[in-house]
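Here are my notes on this structure, point by point. Please keep the 3D view open as you read.

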Amino acid sequence: MTTRNARKHLKCDKIIKGIEANEGDFRAFIRLGKDGWHRNLAQMYIIQYGHVDRHLRQIRKIKADAKFPKK
C-alpha cells in the first residue's frame, strides 16, 4: 500500500480538512482512556496519526531494503 493509498483508506485528508474547518478547541474535549489517563481530542489525533506515520515509515524502509522482493 502506498502512502497515498493509506491516506485515502484512512480518510486522512477528509479528517485534516474537518479539523482545519473547525473553530472549536480540541483541547477542551477530554476523554478518559482505558489506561486511566485523561486525554484531550488534540492529543488523541496526534497519537493516532503519529502511530500511523510510524508504521508507514517502517513499511517504506522494509521495501527499500535490497533483499525485499521486487515482485
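1. A word on the source. This is a predicted model, in which local features need pLDDT of at least 70, side-chain atom pairs count only at pLDDT 80 or more, and totals for chains, interfaces and linings use all residues. Residues are numbered from 1 along each chain as its sequence is written, and side-chain values use heavy atoms, with hydrogens and water left out.

2. Now the fold. The chain has three helices and two strands. Their order along the sequence is α-α-β-β-α. Both kinds of element are DSSP runs, numbered from the N terminus: helices are H or I with at least four residues, strands are E with at least two.

3. Next, burial. The chain has 71 residues, and 10% of them count as buried. Buried means under 20% relative accessible area, exposed means over 50%, and partly exposed lies in between (1.4 Å probe, protein chains only).

4. How many salt bridges does the structure hold? It holds three. A salt bridge is a side-chain nitrogen of Lys or Arg within 4 Å of a carboxyl oxygen of Asp or Glu.

5. Start with Asp 25 and Arg 27. Their closest N and O atoms are 3.1 Å apart in this salt bridge. Asp 25 is partly exposed, at 38% relative accessible area. Arg 27 counts as exposed, at 57%.

6. Move on to Arg 39 and Asp 35. This salt bridge brings N and O atoms to 2.7 Å at their closest. Arg 39 is partly exposed, with 26% relative accessibility. Asp 35 is also partly exposed. Its value is 45%.

7. Finish with Arg 57 and Asp 53. Their salt bridge has its closest N and O atoms 2.9 Å apart. Where do these two residues sit? They lie in helix H3 (residues 41-64), four residues apart, so about one helical turn separates them. Arg 57 is partly exposed at 45% relative accessibility, and Asp 53 is partly exposed at 35%.
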